[in-house]
Amino acid sequence: MLNIAVILGTTRPNRASGPIGKWVMEHAAKKEGWNAELIDLRDWPLPFFNEPQPVMALNGEYSVPLAKEWSKKIAGMDAFIVVTAEYNHGYPAVLKNALDYLYAEWTNKPVAFVAYGNAGGARSVEQLREVVGELQMHDIREAVHVMAPWFAIKDEAFTQGEVYEKKLGMTLSQLDWWAKLLKDGRDGK
Ligand SMILES: Cc1cc2nc3c(=O)[nH]c(=O)nc-3n(C[C@H](O)[C@H](O)[C@H](O)COP(=O)(O)O)c2cc1C
């Protein structure tokens, strides 16, 4: 089984990542060979990264106890689906902070993006592709870019269209392919 994390990249009240992440989880949970888990950054209130050493020199000796738990959680995952908004043409700070806390735990693992915004969150995803490249992750070309999701969210549910269903299916298939390949690679097969 592959351990797949669906990460909610925003934390504010009334966030769109909640309903959209729920929709992604419904699909991820049905995928054969996947053990999908929702990782809600609201449950991981990491302070702004403020360690005296860069992550690679820390050897896991974080001053923040929650960071050690965060490290364990991410180390146990084989692939990621990041559900992200676009804040001022970029990624949400809370998401970048959660990424910055770790290094090896992300490395050689694939990541897919489900984004949303006035331009489908495209500018946020472009920035994130650069960030995950530095973490030595493999970013999936396929992605879901939801236009103006606030028109499709009612009563905490995201009413998705056929196009988004298809795009999510293609994205998850690509992620699955890379997750297996990279897991074998990490396992030395
Ligand atoms: C601080 C802030 C900056 C924003 N900047 C952008 C932006 O640059 N582009 C865009 O498409 N939407 C922008 N929006 C609108 C968001 O797409 C919209 O509020 C979305 O629901 C935010 O995601 P969230 O609900 O998960 O927090 C911004 C929203 C906030 C709160």
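Author: Let us begin with a term: two residues are in contact if their C-beta atoms, placed from the backbone, lie within 7 Å. In this model, which is a predicted one, residues 24 or more positions apart account for 81% of the contacts in the protein chain with a separation of 6 or more.

Reader: What makes the protein chain as compact as a globular protein of its length?

Author: The protein chain has six helices and eight strands, and along the sequence they follow the pattern β-α-β-α-α-β-α-β-α-β-β-β-β-α. Its radius of gyration is 16 Å, and the globule rule gives 16 Å for 189 residues, so the chain is as compact as a globular protein of that length. Along the principal axes, the C-alpha trace spans about 45 × 40 × 25 Å.

Reader: Why is W34 called buried?

Author: A residue needs 20 or more other C-beta atoms within 10 Å of its own to count as buried, and W34 has 20, so W34 is buried. This residue belongs to strand β2, residues 34-40, and, leaving aside neighbours within four places in sequence, W34 is in contact with L2, I4 and A28. Of the 189 residues of the protein chain, 38% count as buried.

Reader: How do you know that I140 is buried?

Author: The cut-off is 20 or more other C-beta atoms within 10 Å, and I140 has 24, so I140 is buried. The residue lies in the loop between β5 (138-139) and β6 (144-147). Apart from neighbours within four places in sequence, the contacts of I140 are P110, V111, A112, T171, Q174, L175 and W178.

Reader: Why are the buried residues of α3 said to line one face of the helix?

Author: In helix α3, residues 65-75, the buried residues are A67, W70 and I74. Seen down the axis of α3, they fall within an arc of 55°, so they line one face. The exposed residues P65, K68 and K72 are carried on the face turned away from that buried side. As a general point, an α-helix has 3.6 residues a turn, so residues three or four places apart point the same way.

Reader: Which residues have the most contacts inside the largest nonpolar core?

Author: That core has 52 residues, and V6, I20, V24, I81, V83 and V114 have the most contacts inside it. Strand β4, residues 110-117, gives the most to this core, with six residues. Leaving aside neighbours within four places in sequence, V114 is in contact with I20, V24, I81, V83, A143, V144 and L168.

Notes:
Residues are numbered from 1 along each chain as its sequence is written. This is a predicted model: local features need pLDDT of at least 70, side-chain atom pairs count only at pLDDT 80 or more; totals for chains, interfaces and linings use all residues. Helices (H or I, at least four residues) and strands (E, at least two) are DSSP runs, numbered from the N terminus. The radius of gyration is taken over C-alpha atoms; the globule rule is 2.2 Å times the number of residues to the power 0.38. A residue is buried if 20 or more other C-beta atoms lie within 10 Å of its own, exposed if 12 or fewer, and partly exposed in between; C-beta atoms are placed from the backbone. The arc is that of the directions from the helix axis to the C-beta atoms. A nonpolar core is a set of buried Ala, Val, Leu, Ile, Met, Phe, Trp, Tyr and Cys residues joined through C-beta atoms within 7 Å.
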